[in-house]
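Me: Please take a close look at one part of this model for me. I would like to follow the paired strands and the aromatic rings around them.

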Amino acid sequence: MKTSILVVLSFVFGCSYGQNSILVQNDSVEQHSQIFSLSPMSKKVDEVNGLVLGIGHVENKNIENQTINGINIEANPAPVVGAFMAFMSLGYLPEIIKNNKKSDSIKNTEEGYKIKNMSYTPHLKLNGLNISTGCFFTTTSMSGLNISAGNKFKNFNGLSITVLGTIADHQNGIAIGIYNANNDLAGSTVGVYNQSYQLSGLHLGIFNQTRINRGLQIGVLNKSNSKGFQLGLWNVNNKRSMPFLNW
């Protein structure tokens, strides 16, 4: 009798263990996790823990989220395409300037400062290192080190070193480039032109501009539509305009 009971218990627990093992295996299959992938990443790949190598990430409506934990390297053709488009648009430059010129009533409003977010799928989350000649063509949030010609992020935490600059919705960390723009800066931007809707960190550049200044601007020309500390050759806020120091 005891032997029969032991056999039954062994069978029950053995089946339970086997079912759990199958579920774990099935879960791992459903997660589609791997250590290497080419980019653009397949819709069958949800997560890469390792290396992604290719020509960049683009919109793919067949998948909502993708995650990279590791290194992303891209030979992105965006700079070549951008240079060609810029060259072709030279003939329409007067018309472009006219159509995109903002009236004084818009410049100092939320519309004049806010960066419009990309709402493409998948939402790519990159944790680690990004080395690229171009930028992402889908909604991207990143934590780590970005080295590229220029990039746009929904959320960025870390260090971004670019030629052209970094554009972000929410930014924590440091961005270095010619042009840096964001809606919410809790870190620092270093460049020729820095723009934030709300500044809670540091602008360091030639021309710095923010609508809500809760941090510090250091540059040749600093402009703010609120109060806040400014150090520069000429400083403008909603209260006064002064050389050298303003608050």
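Reply: Start with a term: two strands pair if DSSP finds at least two bridges between them. The model here is a predicted one.

Now the strands. Strand 7 and strand 8 pair in the parallel sense, over 10 bridges. Ser 196 has Thr 210, in strand 8, as its bridge partner. Strand 8 also joins strand 9 (residues 216–224). These two run parallel as well, with 8 bridges between them. Here His 203 has Gln 217, in strand 9, as its bridge partner.

Next, the rings. A search of the whole structure finds 4 aromatic pairs. The rings of Phe 153 and Phe 156 have centres 4.9 Å apart and planes at 40 degrees, so this pair is tilted. Phe 153 and Phe 156 are both buried. Ring pairs also link Phe 136, Phe 153 and Phe 156 into a cluster.

Planes under 30 degrees apart count as stacked. Tyr 193 belongs to strand 7 (residues 188–199) and Phe 207 to strand 8 (residues 202–213). The two residues are 14 residues apart, and the pair links distant parts of the chain. Phe 207 has a relative accessible area of 26%, so Phe 207 is partly exposed.

Last, charges over rings. Lys 114 lies over the face of Tyr 197, 4.4 Å from the ring centre. Arg 240 lies over the face of Trp 247, at 4.5 Å from the ring centre.

How values were computed:
Residues are numbered from 1 along each chain as its sequence is written. This is a predicted model: local features need pLDDT of at least 70, side-chain atom pairs count only at pLDDT 80 or more; totals for chains, interfaces and linings use all residues. Side-chain values use heavy atoms; hydrogens and water are left out. Rings of Phe, Tyr and Trp (its six-membered ring) pair if their centres lie within 6.5 Å; planes under 30 degrees apart count as stacked, over 60 as edge-to-face and the rest as tilted. Buried means under 20% relative accessible area, exposed over 50%, partly exposed in between (1.4 Å probe, protein chains only). Helices (H or I, at least four residues) and strands (E, at least two) are DSSP runs, numbered from the N terminus. A charge sits over a ring if NZ of Lys or CZ of Arg is within 6 Å of the ring centre and within 35 degrees of the ring normal.
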